Amino acid sequence: MPVYMAYIALANHGINHLPFFSARHFFYRHLYGLKIGRGAYIGRDCLVFRPDLVVIGNNSRVHWGCLLDGRRGITIGEYVHISFYVKILTLQHDLDDPEYKAIGGPVVIGNRVSLNTNAIVLPGVTIGDGAVVAAGAVVTKNVEPYAIVGGVPARFIRWRNHNLTYTDMGEPWYFH
């Protein structure tokens with residue numbers, strides 16, 4: 001266990017501070033087994049638990065300061081925008097269990113989803129293709145495709161355009 005903790009500490013207190021994303025991606029891919037698609041980007045200061053259970057699709061962006069708790073698995077689709085300080089959790093404690101055991105499940109995020117600043121996605125949630133999660137929202141249950149949700153807990157606001165075709169997520173900042 002101490003070796004594993006040192007291994008994760010290196011990722012979350014060393015590699016995540018490297019100023020060039022190409023260097024971070026090299027270590028995440030080859031040392032930690034994180035699956036990062038072509039054109040995808042992980043910003044600085046992100047914390048990643050169990051990177052070997054995290055999959056990030058092509059051309060997706062995970063910006064500064066995010067938390068990816070991959071302990072039960074995270075799958076992120078293509079052309080996904082995850083804004084600053086978003087937290088994706090896959091484990092939590094069972095408040096009613098006398099032993100306070102951990103419970104959770106994988107998180108799946110579809111294609112062309114937008115998770116905005118400070119949003120929190122709780123364990124076991126699936127966010128459908130094209131959905132939008134407003135800034136500061138706490139997603140406690142599945143989000144239908146193309147739904148826009150917000151609030152605490154997140155609730156349906158309206159439908160998003162279903163004819164999304166964008167492929168240009170903009171170039172990531174190379175020194176970032």
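1. Ile109 has Ile127 as its bridge partner in strand 15. Strand 12 (residues 107-109) pairs with strand 15 in the parallel sense, over two bridges. Two strands count as paired if DSSP finds at least two bridges between them. Strands (E, at least two residues) and helices (H or I, at least four) are DSSP runs, numbered from the N terminus.

2. This is a predicted model: local features need pLDDT of at least 70, side-chain atom pairs count only at pLDDT 80 or more, and totals for chains, interfaces and linings use all residues. Residues are numbered from 1 along each chain as its sequence is written, and side-chain values use heavy atoms, with hydrogens and water left out.

3. The open sheet has five strands in the order 1-4-7-12-15, with parallel pairing. Strand 1 (35-36) and strand 15 (126-127) are at the edges; each has a single partner strand, so one side of each lacks a neighbour in the sheet.

4. Helix 1 (residues 2-13) contains Leu10. Met5 lies in helix 1 too. Leu10 is partly exposed at 45% relative accessibility, and Met5 is partly exposed at 46% relative accessible area. The class lies between buried (under 20%) and exposed (over 50%), with a 1.4 Å probe and protein chains only.

5. Leu10, Phe26, Phe27 and Leu31 form a nonpolar surface patch, with about 360 Å² of accessible area together. Patch members have over 30% relative accessible area and no salt bridge; nonpolar side chains (Val, Leu, Ile, Met, Phe, Trp, Tyr) are joined within 5 Å, like charges within 9 Å. A salt bridge is a side-chain nitrogen of Lys or Arg within 4 Å of a carboxyl oxygen of Asp or Glu. Areas come from the Shrake-Rupley method with a 1.4 Å probe; for residues, only the protein chains shown count as cover.
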